[in-house]
Amino acid sequence: MIYRFDNRFVIEGKQIAYVFDVDDRGRLVHQYLGDRLHETDYIELPDRRVLHSSFETPDGVAAYEFVSFGDLVYTEPTLKSHTATERLHAFTFQDARIGHDTLELDLVDSIQQVTVTLHFTVYPAYDIIERKMTVQAGTDVTLESAQSFSLGLTERNLRLSHFSGAWTGEFQLQQGELLPGKKTIESRRGLTSHQSNPWFALDDAATEQHGEVIYGFLGHSGNWAIHFERDQFGFTQVTGGLNTFDFAKRLASGDVFTTPAAYIGYTQLGFGAMSRNAHDFERDVIMPERTRETLRPVLYNSWEATYFDVSEDGQKRLVDEAAAIGCELFVVDDGWFGERNSDAAGLGDWHVNKTKFPNGLEPLIRYVEDKGLQFGLWVEPEMVNPDSNLYRSHPDWIYHTNGRPSTTSRNQFVLNLALPEVEAHVTHLLDDLLENHAIRYIKWDMNRAFSEPDSPHLGDAKELWLRHTEAVYRILDTLRDRHPDVAFESCAGGGGRIDLGVLSRVEQVWTSDNTDALDRLEIQEGFSYAYNAKMMSCWVTDAPNWLNARALPLNYRFVSAMQGTLGIGGNLLEWSKEDLAASKRWIETYKSIRPLVQHGTSYRLASLKKEGFHAMGYTDGEDYVALVNADRRHYGNNKLRLKLAGLDPDRVYLYEGRRLSGRYLMQQGITLTQQIDYDAYCLVIHPA
Ligand code: GLA
């Protein structure tokens, strides 16, 4: 619901209220973000401006919804541009259009003839507000900054939560007080990145169950940044969108540019409710509509089993085992194309390798389908190896500076998708691949960050970052449109491209190349703060693990991987009969709890760092499953006390033949006796 009281605008959800004013000079001054108030309260909210000195704006320091350059306000501008003759702005509010859940505000810059529209859409069921900005050029203009949102916050002690990480160590949750000064989380690498992720949360001593949390996402898979600027007066300005580092976007007179969307949420009920609202919002609103109702299949992926050594016979033997234990989708990973016998050659040559598949992929695909599974394939379409026919025929199709060598990483270059002919080439080759084969799943990988970001063909090379991401999105959109039966997975050496931009185009993401079930719990726990379980691919792989040589029990590996969309990624040909039989049982169990995990509501029940064991709960409001991973067993201290959450306190439930109330299960909890190191449990609870 949107209200307007004179110059005050109110955006209201179920719990969230968001209030700002148009001031005397036509600027947007933030007033309130918090719990929904009584309608008349909104008029009473005090003016929070602080009159100070000649070193600050004479209107009084405030928090802003829109910041332009040239005024006595020095936080990150929401928009900064220049024309051939002008570099300053004088934006004033001009018009507002109010819908039931939408608000559009026009601001006009009399100096550069730019009109900006700020778009707000509230999703009341999730208490999330979508924001983006449209820029319309009245003359030729170059954008230096066009942000998705500026959010001014008033009078709060704020703790910032965000992710840091690295390849095989994504989604490490960081928390720290926001002190006066500036903190930026960002990527300058050309992809969302492992190192940081466009999500944040701000709170003041909230817990898992209690307290206010303001949080936000950016929907962009290229260079992005979110800035947190805390001043001496208690205001915090949060600004997020396309990274302004090495950025340019030229608009001709009449052109319109829309920024990526950002999403701002609020809850009073702690981090748990924040995550549950975000999970529901992603599944119901962001993720592709056609897969919202359907459960994700249990997949088998051959990467860790065969690496580059793939062949028709070898893959068929894996298909036999994968089908026998209950997998539903068989994905051939890297190595099936060109001269791809290692990571040193072949990228770019997307034709089937005739030595490995003498009769093409068809016999394998038929074999997979005859066993009742779907067939999937790995591609890395944004890349090329120097040792490839594509590179030999088009050495200028990579990002490079004339006359200087480009840097390889994993023996590969990044293709210059900012060039229309390269985008067209990639679109056609993938379209052909899907046209000519019964492929139901594409794992789209991207295994290096950018270097030599230059494009001699482009008028202003600073445009290439945005153009690249826009091209990736266009290709995905075209393929999804033309091949509606194909599901996509976003992978960038694990979790390097996970954000709400790519999420609107894929069914799943590859969370991390780290498939060690223990490390993975920490990665998955971080991930769960921002992203839902259905999109999170998790594999059970071999013991010892390829990355850290840790050998964990099969039960533990399954219970860890069942906390998302389950997959199997080990070399099944070397698994014992007992392990295969146990895997079959685990996959059956997973299928029986899959609706709770993938479509239900999730609760972080215990974490390794705090409780010394890890537990997640999932419920659809009726049935409940808890997945518990114990750590090392300690003599004399081998009882795990698991308090559930998310049950109806007054309802009676059945757990292992016992009748226990929801209140009991949440307050007293269940006591588990740990038998071995790294014990694991799947506890199913039904209403009595
Ligand atoms: C990346 C992916 C892996 C695998 C390899 C193949 O590292 O994250 O899952 O697909 O590439 O080269």
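In the predicted model, Glu186 has Ala225 of strand β16 as its bridge partner. This contact belongs to the pairing of strand β13 (residues 181–187) with β16, which is antiparallel and extends over seven bridges. Strand β16 also pairs with strand β17 (residues 236–242), again in the antiparallel sense and over seven bridges.

Strand β16 spans residues 224–230, and seven of its seven residues are buried, so the strand is largely enclosed by the rest of the structure. Burial applies to both faces of β16. One side carries Trp224, Ile226, Phe228 and Arg230, and the other carries Ala225, His227 and Glu229; all of these residues are buried.

Aromatic contacts were examined next. A pair of aromatic rings is described by the distance of the centres and the angle of the planes. The count comes to 36 aromatic pairs, with ring centres within 6.5 Å as the criterion. One of these is formed by Tyr18 and Phe120, with 6.3 Å from centre to centre and 50 degrees between the planes, a tilted arrangement. Tyr18 belongs to strand β3 (residues 16–22) and Phe120 to strand β8 (residues 114–123), so this pair ties together parts that lie 102 residues apart in sequence. Tyr18 and Phe120 are both buried.

Phe217 and Tyr531 form a further pair; their ring centres are 5.8 Å apart and their planes stand at 55 degrees, so this pair is tilted. Phe217 is located in strand β15 (residues 213–218), whereas Tyr531 is in the loop between α9 (517–530) and β29 (536–540); the pair thus links distant parts of the chain, 314 residues apart. Residues count as buried under 20% relative accessible area. Phe217 has a relative accessible area of 2% and is therefore buried, and Tyr531 counts as buried because its relative accessibility is 1%. Phe217 and Tyr531 are also members of a cluster linked by ring pairs, together with Phe163, Phe171, Trp199, Tyr215 and Phe527.

Charged groups are also placed over aromatic rings. The charged end of Arg520 sits over the ring of Trp510, at 4.8 Å from the ring centre. Tyr529 has Arg604 over its face, with a distance of 3.7 Å from the ring centre.

Note on methods. Residues are numbered from 1 along each chain as its sequence is written. This is a predicted model: local features need pLDDT of at least 70, side-chain atom pairs count only at pLDDT 80 or more; totals for chains, interfaces and linings use all residues. Side-chain values use heavy atoms; hydrogens and water are left out. Buried means under 20% relative accessible area, exposed over 50%, partly exposed in between (1.4 Å probe, protein chains only). Helices (H or I, at least four residues) and strands (E, at least two) are DSSP runs, numbered from the N terminus. Two strands pair if DSSP finds at least two bridges between them. Rings of Phe, Tyr and Trp (its six-membered ring) pair if their centres lie within 6.5 Å; planes under 30 degrees apart count as stacked, over 60 as edge-to-face and the rest as tilted. A charge sits over a ring if NZ of Lys or CZ of Arg is within 6 Å of the ring centre and within 35 degrees of the ring normal.
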